[in-house]
Amino acid sequence: MQDSSPKGLPGEFLLLFTFLIWLLFFLIYIGNRHNKLNRWCFISGICFSIGVLKEYLYYSLFPWVIQSYPSLLDEGTALTIYSVLTAIPYYFATPTMLIFSLYFNRFELRHPKAFPWICVLSFVPGIVFGFFYPYTQTRYFQLNDRTYYMLVTIYNFINSIVMTYMILNTLTRERHSKIRQQKRAIAFLVLVPSWYAMLSIFPVQLFGIGRMFKTWQGNLVIIMILILFYLYHVSRDGFMGARFRHETYDWDKDSQLINKSMELVQHMLKNQIAKIDWCAQNIVKEAPSEEIEEYTEIIRRSTSRVSGYISKTKSYSQELNPRPEHCDAQSFLKSCYEDLEKVHKEVVFELDCQEAQTVYCDRDLLKEVLLNLFQNAIDAMDGTGKISISCYQEKHGSYCCIEVADTGKGIEKDDLIKLFQPYYTTKRTDAHTGLGLYYCQKVLLKHDGEIRVKSENGCGTVFYLYLPQPRKRGLTRKERR
């Protein structure tokens, strides 16, 4: 098992290298297992890691097995395994990266019919390579067939260039600062190690630059930096669906059990509130008087507020599973405020939306968001003023924007920073839980969108709801009806 290339990292470091790649991409995967972007990032990372693992197996583990247990493995079998493992990153790593970049670009929403075919076709060249250059002989062709290696190099570079274009194109089209910041970090995480691998493997092998055969192992340092990069972003603002949060608790006591029992506490409170309310009603019946009725009414109002607070907290903390569909924006937005228009006669609702405009959303969830914003606007205007609603397609057509503007007193600069935090409210009444805007943000994020706010003290407030919009030509017949 000799190799003419210069000696690289010791076997232990190659094994560490493999584990670090697995660690990084496993962290990305568990950050949001249901997100296809995370899944394909994980798959591509595993494909690339096979290239490191095979080096450890062939140059460190297999020689030891052959020497110690010759009946289990011989050099021919070891070379066959090495060849097959070499074929995986050579033929299938960049196609998985390409699919990742398509999801990153939201290609599946903009071209829903073409997307599945592109995913399938991206793996066809790797299968064709296996037909003309059998996977079990990859090592032989790698060392002895220059035409083969040139084809493999071109194939991988084409995939990498297309992948890079899709990612950079997404960054240039993204207009929303918070989303763009996240996508820029993801692009750095993906492009740096993949391009280092591309440039340090294929040109070096193709042009036979012997002294640089093992420079690809420098990716070990890059992976270590990227793990720190990932942990930094996860602990700071959250990254690719994951967020670390520090929570203190008494590790030597049973107080942590209280947090796990919150649902039981809510259930108990509701039962006790029902009893208190029942007792208050019966007190009035048994000993009717003006003073007693006044006190019992206070009790009943208090129990009603506590009960409402518990219900709202529970509903806003539940997991959301939006089922978006295309709907007519004009009629949908009108239906959201028509009841409020009847109740609050001093508030003028003004809608600016073209008849042909559609919005792709879960109707019920987005309606709850808009009702929250409308009610907040009414409170900010003390029941008198104008609420302007605008709906339009963004410049690049990938987002629909709904604006909700009021003529209220605006929001203080210090309050704007904390506006979407749970339980934070600027209102001082018992009726407000501080969960409304947190819930609004949660709904928009579940739609892969964003909510932003612009406000100046004394000059009103504008909320911007951004919702990604797939092209309608890929709709089902049911959606078209």
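Colleague: Of the contacts in the chain with a separation of 6 or more, what share comes from residues 24 or more positions apart?
Modeller: This is a predicted model: local features need pLDDT of at least 70, side-chain atom pairs count only at pLDDT 80 or more, and totals for chains, interfaces and linings use all residues. Residues are numbered from 1 along each chain as its sequence is written, and side-chain values use heavy atoms, with hydrogens and water left out. Contact means heavy atoms within 4.5 Å. Among contacts with a separation of 6 or more, the share from residues 24 or more positions apart is 73%.

Colleague: How many helices and strands does the chain have?
Modeller: Both are DSSP runs, numbered from the N terminus: helices are H or I with at least four residues, strands are E with at least two. The chain comes to 18 helices and 7 strands.

Colleague: What percentage of the 481 residues is buried?
Modeller: Take relative accessible area, with a 1.4 Å probe and protein chains only: buried is under 20%, exposed is over 50%, and partly exposed lies in between. Of the 481 residues in the chain, the buried part is 43%.

Colleague: Why is the pair of Y103 and F115 called edge-to-face?
Modeller: Rings of Phe, Tyr and Trp (its six-membered ring) pair if their centres lie within 6.5 Å; planes under 30 degrees apart are stacked, over 60 edge-to-face, and the rest tilted. This rule gives 32 aromatic pairs. For Y103 and F115 the centres are 4.9 Å apart, and the pair is edge-to-face because the planes stand at 70°.

Colleague: How many residues apart in sequence are the parts that this pair ties together?
Modeller: Y103 and F115 are both buried. Y103 lies in helix α3 (residues 75-104), while F115 lies in helix α5 (residues 114-121). So the pair ties together parts whose separation in sequence, in residues, is 12.

Colleague: Is T153 buried or exposed?
Modeller: T153 lies in helix α8. Leaving aside neighbours within four places in sequence, T153 is in contact with F202 and L206. Its relative accessibility is 7%, so T153 counts as buried.

Colleague: Where in α2 is the kink?
Modeller: The bend at a residue is the angle between axes fitted to the seven residues ending there and the seven starting there. In α2 a kink of about 40° comes shortly before the proline P63. The kink lies at L61.

Colleague: In which loop is D448 found?
Modeller: Most residues other than glycine have a negative phi. D448 is not a glycine, yet has a positive phi of about 60°. With a relative accessible area of 37%, D448 is partly exposed. D448 is found in the loop between α17 (436-446) and β6 (450-455).
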